[in-house]
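Trainee: Hi! Could you walk me through this structure? I'm new to it.

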Amino acid sequence: MATQALPETLAHVPEGAADTPDIRLVELRKSYGDVVAVDGVDLEIAPGEFFTLLGPSGSGKTTTLRLIAGFERPDSGRVELHGRDVTRVAPYERDVNTVFQDYALFPHMTVGENVGYGLRVKGVPRRERRGRVDEVLRIVRLPGYADRKPVQLSGGQRQRVALARALVNSPRVLLLDEPLGALDLKLRQEMQVELKRIQREVSDIGITFVYVTHDQEEALTMSDRLAVFNAGRIEQIGAPEEVYERPATEFVAGFIGVSNVIERDGRRFTVRPEKINILDAGDDATTGDTVETGRVRNVVYVGMFTRYTVELDTGGELTVVKQNLESSPRDTLEATGKRVRLEWRPEHTYAIDPGGRA
Ligand code: ADP
Ligand code: MG
């Protein structure tokens, strides 16, 4: 394989093994003393996929990532990369690079030296190094920044340098552990878009992204597929719309979006707040829709939309969001205590498994 320019060195031509998952975790377990951090995880991630591990703090996301990287050894189970069992293989012998949240750059080195550091350690000649560093700085949109020092950069720019530092090694798998967690909301949203663009730019040369976050919105906007973690186990794996629209368990329904679970005739089901129409109690029902009546217990005006909490006459409570086409903050204040009817299409209702584990 040629090693002159970055695109070629990045080209991981799968050797007729397109259907082999890039990452395969089999019955993976890891404990720290009494704490079971990863409790039997099975997972397959396809080459070039943007795959997210989503879950609350302490649910085992970082440990899973560290097991993939090789920084931890599992108590049992198997880690396969590109079809090869690497469970006992050292981190530096795995074709994997990690970007952490505290992306500590070397402060005394320039951006270019930081990005090229790994190549220098590997003994890549100076000229080639320079070419590859320039190429990844272009990809992360920092061309011409090679001679700056980290202190001369903003937080978002430093995060891009950290990303460039991982990309320059042309790993087959890039592991990202809450890489945007230290950034403020606006910058984080910009970087989410940037990361997706970067992933698309390198997708034809095949880098698989495994992304860890506790932020459901981030997971929904960025991922091809995601796995929802709870207490060391995976509750559901699917595309964002699948997991959001059809949560398999009560935990998933509550963790992603608003928990809107009610029980009718012994069945528990969920319906998303934006699928519910809220009307005055006197309005006529649209035929075929599910109808519930109740009383508005709480109203919150959120600018773009208003969020209503409605106590249902037949038990339980539902959250409804309504886009603010006409209503004003004043209207919303007056809505508290009002009798309403809620309607939604039957196909927007999903039965959920109360016990939990998928
Ligand atoms: P997450 O990344 O989802 O927040 P972690 O994988 O970091 O979760 O942690 C899962 C559980 O394992 C937590 O209860 C955490 O306290 C525990 N844990 C993680 N790493 C260690 C460690 N090195 N020593 C002891 N306990 C740990
Ligand atoms: Mg973590």
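Mentor: Happy to. A word on terms to begin with: helices (H or I, at least four residues) and strands (E, at least two) are DSSP runs, numbered from the N terminus. Please keep in mind that this is a predicted model.

Trainee: Got it. So where does E27 lie?

Mentor: E27 lies in strand β1, which covers residues 23-32. Its phi is near 45 degrees, a positive value in a residue other than glycine.

Trainee: And is E27 buried, exposed or partly exposed?

Mentor: E27 is partly exposed, with a relative accessible area of 37%.

Trainee: What about E178, what is its phi?

Mentor: For E178, phi is also near 45 degrees, again a positive value in a residue other than glycine. E178 sits in the loop between β7 and α6. It counts as buried, at 13% relative accessibility.

Trainee: Let me zoom out. How many helices and strands does the chain have?

Mentor: The chain has 10 helices and 18 strands. Its C-alpha trace spans about 80 × 45 × 40 Å along the principal axes.

Trainee: And how much of the chain is buried?

Mentor: Of its 358 residues, 49% count as buried. As for contacts between residues at least 6 apart in sequence, 66% of them join residues at least 24 apart.

Trainee: You mentioned α6. How far does that helix reach?

Mentor: Helix α6 takes in residues 185-201, 17 residues in total. From its first C-alpha to its last it reaches 24 Å, close to the 24 Å expected at 1.5 Å a residue.

Trainee: Tell me about α5, then. How many of its residues are buried?

Mentor: In α5, 10 of the 13 residues are buried, so the helix is largely enclosed by the rest of the structure. The buried ones include G156, R160, V161, L163 and L167. The end C-alpha atoms of α5 are 18 Å apart, which agrees with the 18 Å that 13 residues should span at 1.5 Å each.

Trainee: Switching topic: how many aromatic pairs are there?

Mentor: The count comes to four aromatic pairs. In one of them, the rings of F50 and F209 have their centres 5.5 Å apart and their planes at 20 degrees, so the pair is stacked.

Trainee: Where do F50 and F209 lie?

Mentor: F50 lies in strand β3 (residues 50-54) and F209 in strand β8 (residues 208-213), so the pair ties together parts that are 159 residues apart in sequence. F50 counts as buried at 0% relative accessibility, and F209 counts as buried at 0% too.

Trainee: And F251 with F255, why does that pair count as stacked?

Mentor: Their ring centres are 5.7 Å apart and the planes are at 5 degrees, so F251 and F255 are stacked. The two are four residues apart in helix α9 (residues 250-255), a separation of about one helical turn. F251 counts as partly exposed, at 24% relative accessibility.

Trainee: Which residues do ring pairs link into a cluster?

Mentor: Ring pairs link F50, F209 and Y211 into a cluster. Elsewhere, R272 lies over the face of Y244, at 4.3 Å from the ring centre.

Trainee: One more area, the sheets. What is the strand order in the open sheet of three strands?

Mentor: The order is β11-β12-β18, with antiparallel pairing. β11 (261-264) and β18 (350-351) stand at the edges with a single partner strand each, so one side of each is left without a neighbour in the sheet. Strand β12 (residues 267-270) pairs with β18 over two bridges, and F269 stands opposite A351 in β18.

Trainee: Last one: what does the side chain of E292 make a polar contact with?

Mentor: With the side chain of R264, at 2.9 Å. E292 is found in strand β14 (residues 290-301), and it counts as buried at 9% relative accessibility. Leaving out residues up to four places away in sequence, E292 touches several residues, including I262, L312, V340 and W344.

Definitions and conventions. Residues numbered from 1 in each chain as written. Chains lettered and ligands numbered in written order. Predicted model: local features only at pLDDT ≥ 70, side-chain atom pairs only at ≥ 80, totals over all residues. Heavy atoms only, no water. Pairing = 2+ DSSP bridges. Phe/Tyr/Trp six-rings, centres within 6.5 Å; stacked < 30°, edge-to-face > 60°. Buried < 20%, exposed > 50% of the residue type's maximum accessible area, 1.4 Å probe, protein only. Lys NZ or Arg CZ within 6 Å of the ring centre and 35° of its normal. Expected span 1.5 Å × (residues − 1). Polar contact = N/O pair within 3.5 Å; in protein donor to acceptor, adjacent residues only side chain to side chain. Contact = heavy atoms within 4.5 Å.
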